[in-house]
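Here is a short briefing to read beside the structure.

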Amino acid sequence: MKKIALTMAAVATVSMSDVYVEHPHERIAEAKQTAPKSEVSVAEKSFADRFHFKGDLRLRYESIERDDKDNKYRNRYRLRIGATIDLTDTIHFNVGMRSGFGNPTSGNQTFLDDEPLSDYFFQSLRFNVLGLTYQSGNSTLKVGREPYMMYRPIKSQLVWDNDVSMNGINYQYKTDTQIITVGINQPTLEENSVAEDDVYLFVAQYVHKTKLDFAKLNLGAGLYYYDGLKGNTEIFGKAKGNTVVDGRYVNDYHLVEGFGELQFKDVWGMPFKVAAGFVYNVAADDNNFGYDLAFQLGKAKHVGDWQVKYSYTDLQEDAAFGAYSDSDNFGGGTAASGHAIRAKYKFGKHTYLAGSFFFDKLYESNSHIEGMEPDYERVQLDCIIKF
């Protein structure tokens, strides 16, 4: 089994990660928006015409090398499937499953040498989407377990990992010039939550979009208010860089986010984006600031296209809620700084080769050896198939 996955990863080595493979429900929404408009109402359509399905499979070879513990070399996969059923012209039922045994920020599942291939792909599938969407004009309301709605400059994972789902009620108003998002959620509804007490999350974000003569400018600010973390047990059983004593959070997490993003249509014949963002936890007295600087050249939209993104991130221990921030960089969570290079090449109509490379320095508080600030290096080589 390991040889099969390694062969796929070896092909990916010659390319340049999978950060930009959209969630299946994002692809469904995009396909519906770009499809020719029909004057036939949903009530007049057959079930087949109301049903929309997307999915993707990723095979990955990964190496993790750090100074303070044993290195890891492993072969992994991620399977995601999603479907939307149009109940009416404005109300849609969404359902989706993902491998990874319900991990809130990852669908990766490691291949084991002593298990046959028949045991994989379906054994670890869990529901990561189950809810209703009401959409009318510029307004979208989501109820239930749905993918996050917050805007992230160049897909930044400073505050939100790509795989995070919201559990509650979230509303978004979107026009050509602005995006307003608000919501009330309960992270402790996650399958793997082991928190002693319930935790609630209130989100609010505003993005202003401006067309300049030479680029598009997006400026945004957000407030993410967790209620119930201070004094509570670790929500998923790990500190993820946050300050804990005897397994309990020392601080609350009331996060203020700000960012700016410039999008250029043509730089050296390719689209180019540059962004900067910060997060500040007003509920912690120290170690409460983080920032992210990034640029991206190209976009893997058509066969033969490629893209590459570089980012530098510095995230203090209590600047963000580690359980929901980037699960790949730093090994997941906070308390580190470093460089990330992510790239993707569109190999075929539904096939991508990709890779991510992380070169980080972990804080002493995040080390397994007292007094050490260990180096952390991670490589991910991917082959992705969309269907």
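Buried means under 20% relative accessible area, exposed means over 50%, and partly exposed lies in between (1.4 Å probe, protein chains only). This is a predicted model: local features need pLDDT of at least 70, side-chain atom pairs count only at pLDDT 80 or more, and totals for chains, interfaces and linings use all residues. Residues are numbered from 1 along each chain as its sequence is written, and side-chain values use heavy atoms, with hydrogens and water left out.

**Nonpolar cores**

- A nonpolar core is a set of buried Ala, Val, Leu, Ile, Met, Phe, Trp, Tyr and Cys residues joined through side-chain atoms within 4.5 Å.
- The largest one holds 31 residues. Trp160, Tyr224, Tyr226, Ile235, Leu255, Val279 and Phe321 have the most contacts inside it.
- Strands β9 (200–211) and β10 (216–227) each supply at least two residues of this core. Strands (E, at least two residues) and helices (H or I, at least four) are DSSP runs, numbered from the N terminus.

**Val279 and Leu315**

- Contact means heavy atoms within 4.5 Å.
- Beyond residues up to four places away in sequence, Val279 touches several residues, including Leu158, Leu255, Phe289 and Leu315.
- Leu315 is found in strand β16 (residues 306–315). Its relative accessible area is 2%, so Leu315 is buried.
- Leaving aside neighbours within four places in sequence, the contacts of Leu315 include Val279, Phe330, Ala336 and Tyr363.
- Leu315 and Gly355 are 40 residues apart in sequence and 23 Å apart in space, C-alpha to C-alpha.

**The loop between β3 and β4**

- Thr105 sits in the loop between β3 and β4. It is buried because its relative accessible area is 7%.
- Outside four places in sequence, Thr105 is in contact with Arg98, Asp161, Asp163, Val164, Ala323, Tyr324 and Ser327.
- Ser106 lies in the loop between β3 (91–98) and β4 (109–110). Its relative accessibility is 10%, so Ser106 counts as buried.
- Ser106 is in contact with Arg98, Ser99, Gly100 and Asp163, neighbours within four places in sequence aside.
- The side chains of Ser106 and Asn108 are joined by a polar contact of 3.1 Å. A polar contact is a pair of N or O atoms within 3.5 Å; within protein, one must be able to donate a hydrogen and the other to accept it, and residues adjacent in sequence count only if both atoms are side-chain atoms.
- Phe101 is also placed in the loop between β3 and β4. At 34% relative accessibility, Phe101 counts as partly exposed.

**Positive phi**

- Most residues other than glycine have a negative phi.
- Phe101 is not a glycine, yet its phi is positive, about 55 degrees.
- Lys240 is a residue other than glycine with a positive phi, near 55 degrees. Lys240 lies in the loop between β10 and β11 (244–245).

**The second largest pocket**

- A pocket is an open set of points on a 1 Å grid over the protein atoms alone, where a 1.4 Å probe fits, with protein on both sides within 12 Å along at least five of seven lines; lining residues have an atom within 4 Å of a point.
- The second largest pocket has about 870 Å³ of space, the volume being that filled by probe spheres set on the points, which are joined across faces, edges and corners.
- Of its 30 lining residues, Lys238, Lys240, Ser327, Gly331 and Gly332 are the closest to the centre.
- The largest share of the lining, 3 residues, comes from β2.
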